[in-house]
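Have the sequence and the 3D view open as you read.

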Amino acid sequence: MFGPGPKRILSLDGGGVRGITSIAFLERLESQIAEIEGRPVRLCDWFDLIGGTSTGAIIASALALGYRVSDIHDFYERLAPKIFKKSFFRLSGWQAKFDSRSLMQELASVIGTRTLDSPDIQTGLCIVLKRMDTGSTWMVMNNPRSTFWETPADGSFTGNRHLPLAHVVRASTAAPSFFEPELIEIVRGQPPGLFIDGGLTPHNNPSLLMLMTALIPAYGLNWKLGPDNLLIVSVGTGSFRPTLSPADASRSSAISLAIKSLAAMIAENQMFVLALMTLLGESPIAWPINSEIGDLGRVTAPTGKLFRFLRYDVRLETSWLEQKLGKHFDAEFVTRLRPMDNPTNMQTLYDLGRSAAAEQIKRDDLVFATA
């Protein structure tokens, strides 16, 4: 993170089991980078900062620990059916839908007892979560120059370096109604912090937040700007615009309506981040924001192009899938692919990710012009 030369950021969206779509993109990304380098390369060797939200936090942590994408693929195939397993003994509306102990056990099997300062975290790692008892977005990073890295002499808080990584990742995945919040001790002897899914911040797509960490002086990175100095690769989990008809709304309970509203807010935040990143960055892949403004990658902001931005994703919409991938699905089938908690969708989502990765990931896009 602190060496000279051009820098690369890998940003991974949240999305539950749809994270298998990200894995399909990452497999091709890993193979393309190996061709560039002329040797096998792990993504932690190539990216200077890897970060994620929710399911993206799981993948980011495994990558930063040196796992190859094939290993993470195997882990996901094992993980999803275990943690997204419905129980008849959980009271709908009163308890979280799934037992978070299964998720914690699986995370511990990979991450163990590591803390954020563990020396085998082999590159920069950034995890996004939401702290409810203070109402703040937390961006936790293995950055020894950050303000909260060390525990102060007065013990007013526990330094981030001592935070247990498995619990931080679990906190980032604690989606309300799906998993219970995660409790993490922040001040010794005081009530723990209450954390929920990082997707409930503006940063389910964390690429904008990670750009801020690279540029804001308080973080101490101070990376250089410009398409030849900074590459940001952002990987989605399958995006879509949640909709609700007046008829369906009239039949929805208050809790159901609230959950659907949160999903719509997350999607809107993602689109806002995509709009800013494509406007500010040099973006060779077209991502129309809406029918009014279109693809902002073609527009040069007054600031000029501050970085190279590569967004890889699948839009879970019938027209996009047909036009971009030649996949002919009816609307009902595509709608069934969208939930974040249905492991039976994983093979189809993975196949769609592979098809999109073959179209979107180009070797030349990944290489700095000065390389």
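## Ser-54, a buried loop residue

Ser-54 has a relative accessible area of 5%, so it is buried. (Buried means under 20% relative accessible area, exposed means over 50%, and partly exposed is in between, with a 1.4 Å probe and protein chains only.) You'll find Ser-54 in the loop between β2 (49–53) and α3. Its phi is positive, at about 60 degrees, although Ser-54 is not a glycine. As for the element names, helices (H or I, at least four residues) and strands (E, at least two) are DSSP runs, numbered from the N terminus.

Before going on, a word on the source: this is a predicted model, where local features need pLDDT of at least 70, side-chain atom pairs count only at pLDDT 80 or more, and totals for chains, interfaces and linings use all residues. Residues are numbered from 1 along each chain as its sequence is written, and side-chain values use heavy atoms, with hydrogens and water left out.

## Asn-222, another positive phi

Asn-222 isn't a glycine either, yet its phi is positive at about 55 degrees. Look for Asn-222 in the loop between α7 (207–215) and β7 (230–235). With a relative accessible area of 47%, Asn-222 is partly exposed.

## How α1 packs

Two packed helices are described by the angle between their axes and the distance between the axes. Axes here are lines fitted to C-alpha atoms, for helices over the stretch in contact, and angles run from 0 to 180 degrees between N-to-C directions. Take helix α1 (residues 19–37) and α3: their axes come within 9 Å and cross at roughly 35 degrees. This crossing is right-handed. (A crossing is left-handed if the near helix is turned anticlockwise from the far one by less than a right angle, and right-handed if clockwise.) On the α1 side, Gly-19, Ser-22, Ile-23 and Leu-26 meet Thr-55, Ile-59 and Leu-63 in α3, where contact means heavy atoms within 4.5 Å. The residues of this contact split into four nonpolar, three polar and no charged. (Ala, Val, Leu, Ile, Met, Phe, Trp, Tyr, Cys and Pro count as nonpolar, Asp, Glu, Lys and Arg as charged, and the others, Gly among them, as polar.)

Then there's α1 with helix α4 (residues 69–83), whose axes come within 9 Å and cross at roughly 165 degrees. That makes α1 roughly antiparallel to α4. (Angles under 35 degrees count as roughly parallel, over 145 as roughly antiparallel, 65 to 115 as roughly perpendicular and the rest as oblique.) The crossing of α1 and α4 is left-handed. Gly-19, Ile-20, Ile-23, Leu-26, Glu-27 and Glu-30 of α1 make the contact with Val-69, Ile-72, His-73, Tyr-76 and Glu-77 of α4. Sort the residues of this contact and you get six nonpolar, two polar and three charged.

## α3 against α6

Helix α3 (residues 55–64) packs with helix α6 (residues 165–172) at an angle of about 150 degrees, their axes 7 Å apart. So α3 is roughly antiparallel to α6, and α3 passes α6 in a right-handed crossing. Which residues make the contact? From α3 come Ala-57, Ile-58 and Ser-61, and from α6 come Leu-165, Val-169 and Ser-172. These residues divide into four nonpolar, two polar and no charged.

## Leu-129 and its neighbours

Leu-129 sits in strand β3 (residues 124–131) and is buried, with a relative accessible area of 1%. Leaving aside neighbours within four places in sequence, Leu-129 is in contact with residues including Trp-138, Val-168, Ser-172 and Phe-195. Gly-199 is 70 residues from Leu-129 along the chain, and their C-alpha atoms are separated by 7.4 Å.

Asn-160, in the loop between β4 (136–141) and α6, is buried too, at 12% relative accessible area.
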